[in-house]
Each structure stands twice: as structure tokens, then as C-alpha cells.
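Please examine the sequence and the structure shown below before reading on.

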Amino acid sequence: MKKDLEKIVDILKSKNETITMAESCTGGRVAAAFTSIAGVSSVFNGSLVTYANEIKEEWLGVPKEILLEHGAVSTECVDQMLSGAIKMSHADHSIAISGIAGPDGGTPDKPVGTVYIGVLVNGIKTIQRYHFEGAREEIQDSATKKSIELFLKKIKKN
């Protein structure tokens, strides 16, 4: 994961661009991974950990209707989180994650391990649903790694 992070930082530096993230179930792990890389301060604007739905609404502008209709763990919510993080931080690109890390909180439609990961790269949003296995920390770690992989894949294409 460190090599992927270093590549992302190098690409962003070469383009003079910045990144931000809005995290829920990962609780800031993506931001922590980025800040472990020397020199990241030139490309990392900051991050928001928006665990509660009220904070997703207030900080990121996720409409209450989306949370009521689709839930926080949804494509629609992550879509709004991506945009809200950009608005708050004035970054060029964003990563957003919302999911159910467990051990409680799962439903038949969204079992524990369901995670939506989104990236916004050059104005284009990609949001994917994943199901990760394992205990809470394993799910959080898997979501963190997958978000970094997805972002790297998209930033390399542009």
C-alpha cells in the first residue's frame, strides 16, 4: 500500500493537484495512510471523518432525503460525500467511503462488510460497492486499501 500511496503523491505533485477524503466506516484510516508519506503536505488538503448522519448532512451537504431513502451506506450518499469533501477542502480530487464494519449494523440487503467506495478524479465520479470479509478492523483495513487502489487506477488513467 505504501508504494501505491507514494505513486499517488508523486502523480499529484507532478500535476500540482490536491486530494481530500470523506470517511465514515474507516474512521480516518485513509487520511492516516496518506499522512504517513513524507512530502504529502503539498498535495493533501485535509480530511473529514463524518460518522454520524447529521454530520454527513451538515459538513458534506448530504441531503436528508438521501439518507432516509437510501441510507448512509449507499451509492447516493457516497456520491454526495465526494462532492461535499471537494466543496469543504477546495481539493482537486476526493475519496469517500461509507460502510458497515460490524460486528453489528448489518441487514439482509447490506450485510456487515458492505462498503461503498467512491473516487472523484478530474470531475469524474466512480463509486463501487464491495463486500469485505473478516472482523471489524479487517473490514476497515480492506476498505482503506481498496480505496487507495481505486484512486491510483483512476488517477493513472488521466
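The text that follows treats the nonpolar cores and then the salt bridges.

This is a predicted model, in which local features need pLDDT of at least 70 and side-chain atom pairs count only at pLDDT 80 or more, while totals for chains, interfaces and linings use all residues. Residues are numbered from 1 along each chain as its sequence is written, and side-chain values use heavy atoms, with hydrogens and water left out.

A nonpolar core is a set of buried Ala, Val, Leu, Ile, Met, Phe, Trp, Tyr and Cys residues joined through side-chain atoms within 4.5 Å. Here, buried means under 20% relative accessible area, exposed means over 50%, and partly exposed lies in between (1.4 Å probe, protein chains only). The largest such core has 32 residues, and those with the most contacts inside it are Ile19, Met21, Phe34, Ile95, Val115, Ile117 and Phe151. At least two residues of this core come from each of α1 (2-15), β1 (19-23), α2 (29-35), β3 (93-99), β4 (114-121) and α6 (136-157). Helices (H or I, at least four residues) and strands (E, at least two) are DSSP runs, numbered from the N terminus. Helix α6 supplies the largest share of the core, seven residues.

Leaving aside residues up to four places away in sequence, Ile117 touches a set of residues that includes Val78, Ala96, Ile97, Phe132, Ala143 and Leu150; contact means heavy atoms within 4.5 Å. A second, separate core has 19 residues, among them Val62, Ala72, Cys77 and Leu82.

The charged side chains come next. Side chains of opposite charge can pair when their charged atoms come close. A salt bridge is a side-chain nitrogen of Lys or Arg within 4 Å of a carboxyl oxygen of Asp or Glu, and a search of the whole structure finds three.

One joins the side chains of Asp141 and Arg29 (2.5 Å, N to O). This pair links distant parts of the chain, since Asp141 belongs to helix α6 and Arg29 to helix α2, 112 residues apart. Asp141 is partly exposed at 32% relative accessible area, and Arg29 is partly exposed at 26%.

Another joins Lys125 and Asp79 (3.2 Å, N to O). Lys125 lies in strand β5 (residues 124-131) and Asp79 in helix α5 (residues 75-89), 46 residues apart.

The remaining salt bridge is formed by Lys146 and Glu149 (3.4 Å, N to O). These two residues are separated by about one helical turn because they stand three residues apart in helix α6.
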